[in-house]
Amino acid sequence: MNTRIALIGIIVENMDSIEQLNHLLHEYSSYIVGRMGIPYREKDVNIISVAIDAPQDAINALSGKIGRLDGITAKTVYSNVGA
């Protein structure tokens with residue numbers, strides 16, 4: 001199975017969507033290499049970065065599902081390793 005390494009950058013502006021976000025991340029946890037969350041209290045947002053090593057389709061699916069959550073923005077950056 002060919003996999004890609006990617007970083008998904010997530011900005012959470014709606015705290016009511018965090019439970020749904022955590023559910024999605026748990027669903028794809030077998031692909032997640034690491035996760036870092038930073039609460040930016042002055043702006044009332046959370047900044048999360050997720051390092052992932054997964055098939056291209058799985059990365060696209062996770063990023064798309066996250067981006068459809070209310071008040072959450074996600075962008076994905078891919079490594080050329082494994083491409």
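Analyst: Let's begin with Tyr78, which is partly exposed at a relative accessible area of 28%. On this scale, buried means under 20% relative accessible area, exposed means over 50%, and partly exposed lies in between (1.4 Å probe, protein chains only). A word on the basis: this is a predicted model, in which local features need pLDDT of at least 70 and side-chain atom pairs count only at pLDDT 80 or more, while totals for chains, interfaces and linings use all residues. Residues are numbered from 1 along each chain as its sequence is written, and side-chain values use heavy atoms, with hydrogens and water left out.

Tyr78 sits in strand β4; strands (E, at least two residues) and helices (H or I, at least four) are DSSP runs, numbered from the N terminus. Leaving out residues up to four places away in sequence, Tyr78 touches Arg4, Ile5, Ala6, Gln56, Ile59 and Asn60, where contact means heavy atoms within 4.5 Å.

Two of these neighbours also pair with the Tyr78 side chain through polar contacts: the Asn60 side chain at 2.6 Å and the Gln56 side chain at 3.4 Å. A polar contact is a pair of N or O atoms within 3.5 Å; within protein, one must be able to donate a hydrogen and the other to accept it, and residues adjacent in sequence count only if both atoms are side-chain atoms.

Now for the wider setting. The largest nonpolar core has 19 residues, and Ile8, Ile10, Leu21, Ile52, Leu62, Ile66 and Ile72 have the most contacts inside it. At least two residues of this core come from each of β1 (4-12), α1, β3 (45-54), α2 and β4 (72-78). Such a core is a set of buried Ala, Val, Leu, Ile, Met, Phe, Trp, Tyr and Cys residues joined through side-chain atoms within 4.5 Å. In soluble globular proteins, nonpolar side chains tend to be buried together. Take Ile10: beyond its neighbours within four places in sequence, its contacts include Leu21, Ile48, Val50, Ile66 and Ile72.

Helix α2 also holds Ser63, which is buried at 13% relative accessibility. Ser63 touches Ala74 and Thr76, not counting residues up to four places away in sequence.

What does a search of the whole structure find in the way of salt bridges? There is 1, formed by the side chains of Lys65 and Glu27 at 3.6 Å, N to O. Lys65 lies in helix α2 (residues 56-67) and Glu27 in helix α1 (residues 18-27), so the pair ties together parts that are 38 residues apart in sequence. The term covers a side-chain nitrogen of Lys or Arg within 4 Å of a carboxyl oxygen of Asp or Glu. Lys65 is partly exposed at 30% relative accessibility, and Glu27 is also partly exposed, at 44%.

Finally, the loop between β1 and α1 holds Asn14, which is buried with a relative accessible area of 18%. Asn14 touches Asp70 and Gly71, again leaving aside residues up to four places away in sequence.
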